[in-house]
Amino acid sequence: MRRVHAWATTASVAVMATATSAAYAAGGEAGLPQLKVGTWPSQLFWLVVIFGLGYVFMARVVTPRIGSVLEERRTRLDEDLTRAREASAEAAQTRADYEASLDEARNEAAEFARNAANEAQAKADATEKKAAKKMATRIGKAETALAEARAEAESNLTAIATEAAIEAATQVAGVKPTKAQADKAVKAAAKTLVAQGVG
Amino acid sequence: MASEGMHSPVEQFEIRSIVDLSAGGYDISFTNSSLFMLLAMVVGGGFLFSAMRNRELVPGRMQGAAEMMYEFVADMVRSNVGNDGRAYFPFVFTLFVFLLFGNMLGLIPYSYTFTSQIIVTFAMAGFIFLAVTLIGLFKHGLHFFSFFVPQGAPKVLIPFLIVIEVISYFVRPVSLSVRLFANMLAGHTMLKVFAGLAVMISGAGGIAMTGSLLPFLALVGLTGLEVLVAALQAYVFTILTCMYLNDALHLH
């Protein structure tokens, strides 16, 4: 700083000397007009008046005005930034809420689906059980009926065979076996047939 | 001008009265110098005032320029003086606008450059010097004089250094005023010399007239340089004011 200062001073003095000598060389009147002391009071007077008034104008009107505009802009920018930040936070909150509710809905839907599936399964199981039970009853009944029918048919068959055996014996051999004898013979024959796989 | 031969290049600095006035035996005529002081303030202040008329939130070109000027000086004060320099901002700003517009308007042909008047620059520098010294004295009392004692110097050297510091302190108003004055004086004299040369050579007539092209081109280049100098010197004067103010407020 000091060095620059000294340099500048030296330089300007040198420049002034050059300029002054140039002025003399050019054959100017009695040197520089700047050194005419008679003009100084007027210059000082007007400098004080004009700079003074200018200072008042700048200090009272211009700088407060520019300063307030800049200040206003700064506040406005700050406000806008704050508002933007708030809006951004709000948006994030909304998004989080939305996602939470979406998750909830998804869980609910999944549970509902699970319940529905369970219920349907239970219903189907119950129906199947009932049907199986019904079927079993019917099968049982049918089997009983069949067994009865078979027993009846068997007994009928024995009776018929006995009668036929008696008849045949009477006709063929001229003997009339008793019913008990015939029955015995038929039963023995039937046993043989069953054993041979016919029955 | 060339018709009556070459004028003195310093004739442009002559003070001419516009309205004769006197008070208390002193001549306080409104002169060409006063007129351009007034113009510098009116044009500078008027520009800043009208540019800020609409107080736009998003500034246009003019308002942008005015704000830029404000911010430029505000930054200068902030970085060189600090926060307690805020009170002096209007003064520094006025100073900068006054000098910048004074220097720039002075470059317009047939105008007058009041900053080429040593009495004007010295009055400003002297006022700043006095004000800054008083601010320092009020703020720090007698402690202010420690400013002249360099810190960390060998004890033997201190008396000499104090002498040097005191001299350099009192040279401040001189260097501050002479720098601006000399730059303006030299610049405008040079412009006039080259312009005069060009006109003189062209007066020779015939093929010799082409010789005037050289000083003319030099004149064009110098004019550009002077625009730079005009802005730079306004800046230098202002920033040195800030530095002196900083010294007074913070002592080293």
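I started with Thr63(A), which is buried at a relative accessible area of 7% (buried means under 20%, with a 1.4 Å probe and protein chains only). This is a predicted model, where local features need pLDDT of at least 70 and side-chain atom pairs pLDDT 80 or more, while totals for chains, interfaces and linings use all residues. Residues are numbered from 1 along each chain, chains are lettered from A, and side-chain values use heavy atoms.

Next I looked up where Thr63(A) sits: in helix α2, residues 40–173 of chain A (helices are DSSP runs of H or I, at least four residues). Leaving out residues up to four places away in sequence, Thr63(A) touches Met58(A), Tyr70(B), Phe89(B), Pro90(B) and Phe93(B) (contact is heavy atoms within 4.5 Å).

Then I checked chain A as a whole. I found 3 helices and 0 strands, and 17% of its 199 residues are buried.

On to the interface. I noted 49 residues of chain A in contact with 61 of chain B. The two chains bury about 4,900 Å² between them, 73% of it on carbon and sulfur atoms (buried area is the accessible area, 1.4 Å probe, lost on being put together, summed over both parts). Gln34(A), Gln43(A) and Phe51(A) supply 13% of what chain A buries there, more than any other three residues.

Last, charges. I counted 3 salt bridges across the interface (Lys or Arg side-chain nitrogen within 4 Å of an Asp or Glu carboxyl oxygen). One of them joins Arg73(A) and Glu67(B), with the closest N and O atoms 2.8 Å apart.

Note on methods. Helix = DSSP H or I, 4+ residues; strand = E, 2+ residues; numbered from the N terminus. Buried < 20%, exposed > 50% of the residue type's maximum accessible area, 1.4 Å probe, protein only.
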